[in-house]
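I opened this notebook to keep track of what I looked up, entry by entry, while finding my way around a structure that was new to me.

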Amino acid sequence: MKSKSIKKVKVKFKLNGKELELETKPNKRLLDLLRDDLNLTGTKEGCSIGECGACTVIMNGKAVNSCLVLAGEINNSEIITIEGIAQNGNLHPLQENFLKYGAVQCGFCTPGMILSAYALLRVNPEPDEETIKEAIAGNLCRCTGYKQIIEAIKHSTKITDG
Amino acid sequence: MNPEFNYIAPLNLNSALKILSASKSRAKILAGGTDIIPGFHIGSKRFSSTELLIDIKRIRGLDTIKEYKNFVEIGACVTFSQLSESEIIRKYFPLLAKAAETIGSVQIRNRATVVGNFVNNAPCADSVPPLLVYDAKIQIQSLNRKREISLQKFLIKSYTTALKKNEIVTKILIPKPEPELKGDFYKLGRRRAVAISRISLAVLMKTKNSLIEEIRIASGAVTPIGTRLYELEKFARGKAANSDTFKELSIQLGKKVLEITGLRWSSEYKLPVLQQTFYQLLEKVSRDEI
Amino acid sequence: MKEKFNVVGKPVIREDGKAKVTGQAKFADDYKFPNMIFGVMVRTKATHAIIKKIDYSEIENDKHIITIVDAKDIKGLKKTGLIRKDQPVFAFEKIVTPGDVVAMLLGEDEDKLRLLAKKVKVELEELPVLNDPEKALNEDSPLIHPEFGSNLIVHHPLRKGDIEKGFAESDFILEQTYTTPHIEHAYLEPECVIAIPLGEKGIHIIGSIQNPFTARRIVAEVINYPLNKVKIEQAELGGSFGGKDDLMCILSARAAVAALKTNRPVKIRYTREESILESYKRHPYRMHYKVGYTKDGKIKAMKIDILADGGAYCSMTPFVTWRSVVQATGPYEIENVWTDVRGVYTNNPYTGAMRGFGSPQIIFAQESLMDDIAVHLGITPDEIRRINGYRQGSITASGQRLENHEVNLLKVLDTACNETNFREKWIENEKHHNRRIPTIEFKENILKRNLILSKNEFINPDDIIKKGIGLAVSFRGSSLGAEGIDAAASYLSIQNDGSAYLLCGLAENGQGMRTAYAIIVSEILGIPVENIYYLEMTTAHIPDSGPTVASRSTIMGGGAVKNSAEILRKRFEDFLKDYWKLNENDLIVFENNEVYVKGKENLKLSFPEFANLAYKNGICLSSIGWYPGPKIHWEEETGHGSAYFTYVYGCQVAEVRVNIITGEVYVDRVTAVHDPGKVINLLGALGQVYGGVTQGVGYAIFEELDKHNGLPRELNFDQYIIPTSKDVGEIIPIFVEGKDEFGPWGAKSLGEPTLELTAAAINNAIRNAVGERYFNLPVNLEEVLLKRKLRPEDLKRGSL
């Protein structure tokens with residue numbers, strides 16, 4: 001084991017609309033920061049190498065794999081997790097439609113899937129089916145075959161709060 | 001699992017270079033992190049001795065695409081998303097934009113950088129064939145020197161480049177091609193999204209009076225590193241732009257790749273497919289041009 | 001039989017949906033406990049070896065290690081297993097496959113433990129490695145588990161009629177061999193379990209556990225506790241598909257041993273790499289079929305020889321292969337059948353239950369074969385199936401007469417053919433085989449040809465894409481069949497405000513079982529689905545209902561839930577008849593959260609009012625429902641018997657495009673016609689079809705877990721590729737709801753049928769497109785062009 005000293009990193013960022021400032025180990029992934037330190041366990045870990053998308057969060061408006069982001073990298077950024085999508089107890093239209101169209105089975109991919117769709121609708125409120133498929137191609141799902149997920153996203157167009 | 005390392009995000013290039021040269025090779029540059037962090041997870045030897053990560057994303061000016069009169073500059077922190085969305089890139093370097101769209105997933109493209117794609121010189125880096133046919137150069141800086149080198153020269157062999165331990169790749173410089181050069185990028189993967197390339201190809205071609213006046217060809221994933229095929233280009237120039245030539249060129253490409261790569265476990269599949277798909281690509285480029 | 005339904009068959013939103021879309025649903029790794037420590041596995045680099053010594057000296061004094069557990073810490077059974085006790089909780093005699101674990105390190109810093117795990121020195125004596133199931137049966141092969149005397153795990157014979165006579169009466173004989181690979185379940189959630197010691201009260205285990213009662217039995221026998229001191233709680237399960245059974249039992253046992261030793265909560269959570277390395281897979285099959293048929297297309301005889309790679313442990317191999325022996329001929333009435341299915345030990349990853357359970361393999365073989373017979377006879381694929389397919393009263397290979405349910409095989413076939421215009425498209429595609437796949441033709445001499453094309457081998461751009469359509473049909477026994485004890489329990493408790501608690505002894509694996517059960521209660525008692533609270537699944541609160549496998553949750557658990565609701569309904573009706581002083585003929589209706597008497601509007605209560613009233617009148621508002629499966633029997637020596645008490649039928653039609661220069665197959669459309677019996681939740685049923693078909697597409701053209709000396713090559717999703725949102729075109733589900741006396745209103749099974757047909761249909765579609773028959777799954781790029789797989793010599797990642 002290396003003997004050199006490890007200096008904690010200090011980060012200031014906005015998480016689901018709230019300003020946060022904290023210190024953490026520099027090798028900590030954003031995923032672990034959320035799950036372990038902040039107890040936001042809606043973000044899931046499925047592969048640890050950016051292939052499955054279960055850990056997707058929104059960083060500065062864009063979908064990213066939180067398993068591939070280091071704590072230090074989020075300094076001055078804005079992060080949105082699945083816990084920050086519903087407003088004042090009201091489900092986001094994407095969440096409503098995931099329920100309505102049967103887009104949820106085991107639910108493990110669901111948070112990442114919703115956040116990828118959320119990021120898409122922010123910049124493209126009326127995506128066509130191919131664009132939706134591309135937006136969630138980095139979110140693996142083994143249960144649903146994606147069809148009801150695509151339906152749910154299709155029916156959430158134009159109503160996102162952006 | 002990440003090893004223990006320190007993390008620093010300098011605000012200007014000079015301090016990044018200072019830290020780098022002081023670190024005596026135990027530091028790694030961090031841009032998108034989509035290669036190095038999975039590398040940590042699988043315990044890759046390429047990264048296991050990392051004690052310091054120098055995040056260059058806070059350095060001003062490295063995250064932009066700039067258009068100059070004769071060339072375009074892509075900063076070291078420009079992501080594939082930026083690239084595929086850039087009007088400038090789409091206009092002058094459509095093959096690069098297309099390659100950018102096919103890399104990884106949205107989440108990966110939002111983080112992964114173009115420079116990061118080739119700076120480790122993995123054989124299946126999809127941006128390399130387009131960059132090679134556009135004659136891309138890269139700018140490299142160390143504390144006391146700034147140099148430019150063609151990408152083809154930078155890529156030495158699999159996982160080896162001309163980058164020295166105290167240097168950082170700061171930008172890619174691509175001359176604007178003459179407008180008559182038309183082309184396409186082709187990628188074959190095992191599935192339709194988030195696929196590692198089995199074959200990638202880039203071609204730029206200009207014809208005059210049904211003759212090939214200029215052609216540039218590069219391949220990826222079929223040779224140990226992305227390769228510009230100058231001999232093939234020389235052979236093609238002046239030949240008729242017709243199916244017969246395209247078949248001949250495809251055969252030549254097959255021979256060249258066999259010569260460079262030798263027989264591999266995958267050759268039985270890849271070599272015939274390479275020739276067939278290259279032929280299709282040439283036909284397509286030539287049809288689109290008319 | 002009830003014909004009009006208020007809730008059943010409608011699209012109903014999942015009861016767990018809201019928690020899942022908001023990130024509140026708690027999966028196993030989302031649980032944390034004070035004082036909790038982590039367990040990290042120690043493995044060796046060996047595939048097959050005798051363990052001489054485990055040396056912890058380099059790490060045992062490390063400050064990060066609280067303790068180390070291995071086989072010496074086990075007070076009960078050191079070896080366990082669902083059927084055969086051949087799998088050690090911690091390996092102590094031998095390593096038999098690379099996933100084997102010799103010890104577990106306990107400590108607070110999981111990352112540190114992972115580094116330390118590599119420093120344990122295990123002294124080994126290497127043994128010859130058996131990777132080929134056929135060689136494993138050789139006389140001189142070493143025995144993987146010497147205590148069982150043979151590498152043969154199981155042999156299921158089936159004999160019907162006179163096979164030689166059948167062949168003699170045939171005009172033609174066709175013989176083919178088919179293979180299928182190891183398949184990873186690829187649930188998105190890796191394994192995780194936590195064991196919490198409760199002192200005198202025993203131990204509490206929370207985990208991603210598919211079958212809590214099985215896990216309880218295994219844990220109890222490993223730690224030597226009575227069953228009532230082992231409480232297994234199922235966390236939300238992030239997918240299973242049959243995959244979170246054996247391994248989760250073992251992980252639960254490891255966590256329990258460590259928790260009792262340290263008296264602290266112990267969490268084990270796997271990385272994706274560990275998950276793929278140690279978890280069991282779908283069985284690879286090598287299947288030899290010999291079929292005799294007349295020129296009219298009547299199949300006279302079928303001889304089937306199947307060898308299943310069971311891998312290093314027995315797991316569910318005897319039951320998986322048993323389903324294969326029952327269904328191996330496909331849904332065809334054949335007078336003379338001779339089937340042998342064998343499961344065998346190798347040093348490969350062990351194989352067990354996975355969605356389909358011994359059926360996707362045989363359907364791939366038998367449905368490919370049926371198409372070849374059709375092509376040979378010059379008839380269409382649907383015709384050959386009409387000639388031979390099961391009808392009402394048909395007799396199966398095991399001698400069972402199909403009579404107690406609607407035998408809808410031909411109905412699903414006709415529906416699928418009409419829906420897709422199958423025959424016309426198939427005939428049209430058959431005309432376009434003029435340009436064959438170029439590379440297959442020279443595969444014999446491929447290296448000599450130096451792989452360089454000649455000019456006449458290049459393909460015209462317009463000829464590259466070939467279209468194909470193909471179909472496959474199946475019958476499938478519902479639930480466990482003669483595999484095991486088949487019964488389920490349910491607990492229903494109405495509260496005096498009219499809300500309800502519901503629990504069944506089966507487990508929610510993500511398929512939507514809990515919602516289906518709530519619908520059943522709602523249908524019978526009129527309680528709105530949203531007023532039914534589904535209780536957390538723990539083994540302490542409900543009778544053992546067997547495993548949640550074999551697509552049995554709707555038919556068996558649904559039957560139990562229906563029973564519990566009917567018990568209450570009967571009790572409530574008796575009470576009201578008395579209370580309202582009704583006549584014998586008065587009809588009491590429970591619907592829309594109300595109770596009333598038909599035709600007597602004044603006799604009406606809201607359900608909450610009714611519940612309160614009944615409670616005050618001393619009526620018990622709770623019940624335990626029970627649903628035992630009907631009696632079935634099986635003669636192991638001859639393969640005779642009524643294997644399952646009922647069956648479901650399906651037909652899928654796949655439409656594909658094949659790129660003949662790259663070997664890419666794109667699945668444009670799958671039309672999936674299934675008779676699952678009565679559909680309970682339309683939204684959930686559709687989801688089963690979409691998901692099952694998509695897994696089937698993966699099985700057909702992408703997925704394969706390759707091994708290097710028994711070690712999986714593909715340890716994560718960058719290498720083991722499953723379909724993404726862009727890889728499957730349209731999926732069109734159609735339900736033909738056959739009547740049945742079993743299950744809730746005749747509701748049977750759907751989860752597995754949706755997957756089992758797809759690869760066979762796609763393979764037939766590819767043949768229709770290019771005129772080539774493929775015998776080895778997956779039909780991936782190399783298979784399409786070369787009819788074989790190419791593999792690197794070593795484990796190197798990367799692409800060249």
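Predicted model: local features only at pLDDT ≥ 70, side-chain atom pairs only at ≥ 80, totals over all residues.

**Entry 1: two domains of chain C**

I began with domain 1 of chain C and domain 3 of chain C, which bury about 1600 Å² between them, 68% of it on carbon and sulfur atoms; buried area here is the accessible area, taken with a 1.4 Å probe, that two parts lose on being put together, summed over both.

Residues are numbered from 1 along each chain as its sequence is written, chains are lettered from A and ligands numbered from 1 in the order in which they are written, and side-chain values use heavy atoms, with hydrogens and water left out.

I then looked up the bounds, which come from an automatic or database domain assignment: chain C is divided into domain 1 (17-24 + 487-628), domain 2 (31-127 + 191-269) and domain 3 (142-153 + 285-485 + 644-800). The C-alpha centres of domain 1 of chain C and domain 3 of chain C lie 40 Å apart. Counting contacts (heavy atoms within 4.5 Å), I found 19 residues of domain 1 of chain C touching 21 residues of domain 3 of chain C.

Between domain 1 of chain C and domain 3 of chain C I found 0 salt bridges, a salt bridge being a side-chain nitrogen of Lys or Arg within 4 Å of a carboxyl oxygen of Asp or Glu. The same interface does hold 5 residue pairs in polar contact, both residues at pLDDT 80 or more. For a polar contact, a pair of N or O atoms must lie within 3.5 Å; within protein, one must be able to donate a hydrogen and the other to accept it, and residues adjacent in sequence count only if both atoms are side-chain atoms.

On the side of domain 1 of chain C that touches domain 3 of chain C, the elements giving two or more residues are α13 (513-525) and α14 (553-579) of chain C; helices (H or I, at least four residues) and strands (E, at least two) are DSSP runs, numbered from the N terminus.

**Entry 2: chain A against chain C**

Moving to the chains, I read that 44 residues of chain A are in contact with 55 residues of chain C, and that chain A and chain C bury about 4000 Å² between them, 59% of it on carbon and sulfur atoms. The interface of chain A and chain C has 5 salt bridges; I looked up the one between A:R35 and C:D29, where the closest N and O atoms are 3.4 Å apart. Chain A and chain C also share 25 residue pairs in polar contact, both at pLDDT 80 or more. On the side of chain A that touches chain C, α2(A) gives the most, with 4 residues.

**Entry 3: one residue of chain A**

Where does A:V104 lie? I placed A:V104 in the loop between α2 (93-100) and α3 (110-123) of chain A. Setting aside neighbours within four places in sequence, A:V104 is in contact with A:F98, A:T110, C:R14, C:K20 and C:V21. I recorded A:V104 as buried because its relative accessible area is 3%, and buried means under 20% (exposed is over 50%, partly exposed in between; 1.4 Å probe, protein chains only).

**Entry 4: chain B against chain C**

I found 46 residues of chain B in contact with 50 residues of chain C, and about 4200 Å² buried between chain B and chain C, 63% of it on carbon and sulfur atoms. B:R191, B:W265 and B:E268 supply 20% of the area that chain B buries against chain C, more than any other three residues. Across the interface of chain B and chain C there are 7 salt bridges, including that of B:R287 with C:D462 (3.9 Å, N to O). On the side of chain B that touches chain C, the largest share, 14 residues, comes from α12(B).
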